[in-house]
Each structure stands twice: as structure tokens, then as C-alpha cells.
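Please keep the structure in view while reading.

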Amino acid sequence: MKADSDIYVYSNGSTGITALYCFFKRKRYVYWMASDLAARLKDIENKKSLFKKISLYIDIKFADYVIAQNNFQYDIIRKKFRKKVILLKNPLVIPKLKINLQKKFSNGIILWVGHFSAVKQPELILKLAKELPQYNFMMIGEKSLKNPEIYEKIKKESDRKSVV
């Protein structure tokens with residue numbers, strides 16, 4: 001309320017609140033999709049409460065525009081919600097390379113950066129570290145407030161020699 005902006009852009013956090021605020025205050029609202037999960041409301045994990053699912057629906061439904069990260073999100077939002085969707089792909093282009101896993105990379109470190117939450121699948125780095133012992137692995141991320149056990153499990157299972 002203190003910001004008193006003309007346009008509010010929201011991506012992730014307290015779902016539904018920004019959308020409702022903008023609706024009642026007649027402010028412009030842009031929802032920037034953070035994940036494919038937000039586009040597939042009916043497929044959201046069963047652990048999600050009905051309130052969370054409704055909040056995600058409100059985020060999209062009340063948006064003046066939706067920014068999609070990929071064609072999948074773009075198509076679903078246009079078909080299901082008939083919203084104005086802007087496709088803004090990740091500007092980082094990752095070339096498709098054939099990697100020789102027998103050869104060491106120059107620094108020998110494989111880096112994983114993300115949020116320690118289920119959707120980011122941080123446990124896969126441990127599996128990868130076991131399958132590729134010739135590499136050192138490093139993980140950087142924030143512990144999930146909703147699921148701190150994921151971080152604790154990764155921390156406990158990681159071997160200091162292969163995963164830092």
C-alpha cells in the first residue's frame with residue numbers, strides 16, 4: 001500500500017494477496033510465472049491445500065497480463081484462462097553439447113544452484129555425485145521455510161568429499 005504503484009508485478013510468495021489487492025484498488029497487475037506447476041493447477045501436488053490452489057488460480061485469473069517463461073506455460077494460460085500472455089523466454093541459451101564424462105572439466109566442479117524445495121529436485125545432485133565420482137559437486141541454495149527437512153536431508157546425506 002505504501003508503494004502506491006500503478007503496476008504491480010508478482011512472481012512468487014504470498015499467493016493471491018497481490019492479485020486481490022490490485023483488483024480492489026483497481027491497479028494494474030502482472031503475474032510472472034515462476035514454474036510450470038503454476039500453469040497446471042489441477043496437477044499441483046496433493047500436499048498443496050485447497051487454499052493454495054485457489055490462490056494460484058486468483059493470481060492468474062486477476063492478472064491484466066501473464067508473463068510465461070516457455071511455450072508450455074504460454075499455451076495453457078491462453079487456452080484455460082484466455083488471458084493476455086507475453087512469452088518471455090529465459091535469455092540464457094544453453095547449447096546442446098556432447099559431453100565426455102570421462103574427461104575432467106577444467107576446474108572439476110559441477111555446480112547446482114537453486115532453492116532447496118521438492119520442485120527443484122536437489123536430491124538428484126547426490127545421485128549424480130555417486131554416479132560421477134571423478135567430479136566435485138557444489139550446491140548453493142536457500143533452505144525452504146515450508147520444507148526445511150529437504151535441506152537437512154541433503155546436508156546429512158552429502159559426503160564432504162564429493163558434495164560441498
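Helices (H or I, at least four residues) and strands (E, at least two) are taken here as DSSP runs, numbered from the N terminus. The model is a predicted one, in which local features need pLDDT of at least 70 and side-chain atom pairs count only at pLDDT 80 or more, whereas totals for chains, interfaces and linings use all residues. Residues are numbered from 1 along each chain as its sequence is written, and side-chain values use heavy atoms, with hydrogens and water left out.

Aspartate 4 is found in the segment before E1, and its phi is near 45 degrees, a positive value in a residue other than glycine. Methionine 1 also lies in the segment before E1. Methionine 1 counts as exposed because its relative accessibility is 74%; buried means under 20% relative accessible area, exposed over 50%, and partly exposed in between (1.4 Å probe, protein chains only). In space, methionine 1 is 9.5 Å from lysine 25, C-alpha to C-alpha, although 24 residues separate the two in sequence.

Beyond this segment comes the sheet. Strands of a sheet pair through backbone hydrogen bonds, either parallel or antiparallel. In this model, two strands are said to pair if DSSP finds at least two bridges between them. Four strands form an open sheet with parallel pairing, in the order E1-E2-E3-E4. Its edges are strand E1 (7-10) and strand E4 (85-87), each of which pairs on one side only. From one strand to the next, the twist averages 20 degrees. Helix H3 (residues 50-61) packs on this sheet, touching E1, strand E2 (28-32) and E3, and its direction makes about 120 degrees with that of E2. Contact here means heavy atoms within 4.5 Å; axes are lines fitted to C-alpha atoms, for helices over the stretch in contact, and angles run from 0 to 180 degrees between N-to-C directions.

Within the sheet, strand E3 (residues 65-68) runs parallel to E4 and is joined to it by three bridges. Isoleucine 67 has isoleucine 86 in E4 as its bridge partner. Arginine 82 is placed in the loop between helix H4 (71-81) and E4. The phi of arginine 82 is near 50 degrees, again positive in a residue other than glycine, and arginine 82 counts as exposed because its relative accessibility is 73%.

A further parallel pair is formed by strand E5 (residues 109-116) and strand E6 (residues 136-143), over eight bridges. Tryptophan 112 stands opposite methionine 139 in E6.
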